[in-house]
Amino acid sequence: MGQFSKTIIDHFQNPRNLGEFESCDLTIQVGDPMCGDKIQLTLDCDGDRVVRTAFKAYGCAPTLALGSVLTEVLLERPLESLEALDEREFNALLGGLKPSQKHVASLGRRVVAELVQRWPKQDA
Amino acid sequence: MQRCYLDNNATTSIDPRALEEMIEALRTCPGNPSSTHDEGTAARELVEQARARVAECLSVPTDCISFTGGGTEANNIILTGACLAARARPVHVVTSAIEHASVLETCWALESRGLAEVTYVAPTRDGHIRPHDVESALRPTTGLVSIMAANNETGALMQIADIVARAGGVPVHTDAIQVAGKEPLRPAEWGVDFMTLSAHKFHGPKGVGVIYRREGAEWKPVLHGGDQEFGMRPGTENVAGIVGTAAAFESSEQARLDSRCSLLRAQLWNGLNEQLDELTLNTPLEGSVANTLNVSFNGIKADALLLALNLAGVAASTGSACHAQDRRPSHVLMAMGREEKEARSAIRFSLSRWTTETEIEHVIRSVCEAVGRLRRFS
């Protein structure tokens, strides 16, 4: 199965946190106009942490796997660490992307950038 | 897990008789067909016998057949060579918007070099090119019409004889790569000037193409450096490959796809259509080669479905294997008026003469399971 990493196949076959919440703090939707891929995240945040998240996605197998990987990363890391996520790290998180799959790392970075920008303001 | 291969429009498994003859040629015939010694003469004999065998299958004179290094090369040689031979500069070419990249991109190259002006005829919604539309595109400067005999993505068959009749004497080329072994090939009856084939699409070896060139059809050399293959394809012949091509072509013409293949395709389509909703049929079941079924599974991106099927032991494709890494939707389906999302969700299943009912049952089960699972993602 040379075309896809083991990580991509694992998350593609066994997606974590697939779905959406009706009531949540934040909904993020980011797409890639070139190939039509899309990721939606619903999230609840507490302070600098994501405490609950789920994803929906449309796209190629690496994009579907990205949705699943993203939810795990968001639940593990504080806001400050998320800000530092770049395409190289997404490439690693997905077990390595082929040249034709690099757009998925870019999509991941854009999802996180959108999340950081729209992070819910905390009550004083 | 047993694999089920339904990607025969991309390539086919080698015909056992072709393999046997190729091994024999490689083992016993080391000579260069252009050499005059006994080893060269023996190799020449094999090449000429292969030429005669292919010509006989096509009911054309032997000298009308040339071998090349593949179907893409054959299309490049014919399109470029016919444009070079035309009197008008730039020459006008009529082709279709749904040709294989080996025709389309050659046309783009000819345009960019100022050698040709090209009209790309649009298909109907079911993927056919109307002969009347080809006729309407003709100009006084038209020097070549190039229309494929069957589309590689949808299987839609074109009315080549009718197109020739309406071409008003303009030379006609047909890329018949997806027709060999599926429907009768009669270039002389159709009246085409040029026809191209690719051996690995009819259970022959990869890396061998076939050109039919009508006697007297005007053409100028594109490649230089030898007079092999009547100057059409200079370079030492791939003797074993050419022998294998002839053997595979004979076998495929004798065992051409029949009603059994149509029934298997109908079984596949009916099985999918009964169990899944939101499907778009992209193959005109009446008027197509019997082995091809192209379906859009709306709501899913085809690449994801392909991986799920591959993991379930099923090999299919999103369209042209030559563009499998391309992120753009199929130019064929877009030209047919499909929505971008429909085009991005299309899978092509292409059967062979060895596909079985049991395999089709497995494919139906695998597709239904995968589509159900993947639709939950979005």
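Angles of 65 to 115 degrees between axes count as roughly perpendicular. Keep that in mind for this predicted model.

Q: Why are H1(A) and H10(B) called roughly perpendicular to each other?
A: Their axes cross at roughly 95°, and the range for that label is 65 to 115 degrees. H1(A) and H10(B) are therefore roughly perpendicular. The two axes come within 12 Å.

Q: Which residues make the contact between H1(A) and H10(B)?
A: From H1(A) you have Ile9(A), Phe12(A) and Gln13(A), and H10(B) brings Ala304(B), Leu307(B), Ala308(B) and Leu311(B). Sorted by class, that gives 6 nonpolar, 1 polar and no charged residues.

Q: What makes Lys301(B) and Asp37(A) a salt bridge?
A: The cut-off is a Lys or Arg side-chain nitrogen within 4 Å of an Asp or Glu carboxyl oxygen. Here the N to O distance is 2.5 Å, so the pair qualifies under that cut-off. The count of salt bridges between chain A and chain B is 1, next to 7 residue pairs in polar contact, both partners at pLDDT 80 or more.

Q: Which element gives the most to the side of chain A that touches chain B?
A: That's S3(A), with 4 residues. Helix H1 (6-13) and helix H2 (61-76) of chain A also give two or more residues each. By class, this side of chain A has 14 nonpolar, 6 polar and 4 charged residues.

Q: How many residues are in contact across the two chains, and how much area do they bury?
A: 24 residues of chain A are in contact with 18 of chain B. The chains bury about 2,000 Å² between them, with 61% of it on carbon and sulfur atoms.

Terms used
Residues numbered from 1 in each chain as written. Chains lettered and ligands numbered in written order. Predicted model: local features only at pLDDT ≥ 70, side-chain atom pairs only at ≥ 80, totals over all residues. Heavy atoms only, no water. Contact = heavy atoms within 4.5 Å. Buried area = accessible area lost by both parts, 1.4 Å probe. Polar contact = N/O pair within 3.5 Å; in protein donor to acceptor, adjacent residues only side chain to side chain. Nonpolar A, V, L, I, M, F, W, Y, C, P; charged D, E, K, R; others polar. Axes fitted to C-alpha atoms, helices over the stretch in contact; angles between N-to-C directions. Parallel < 35°, antiparallel > 145°, perpendicular 65-115°, else oblique.
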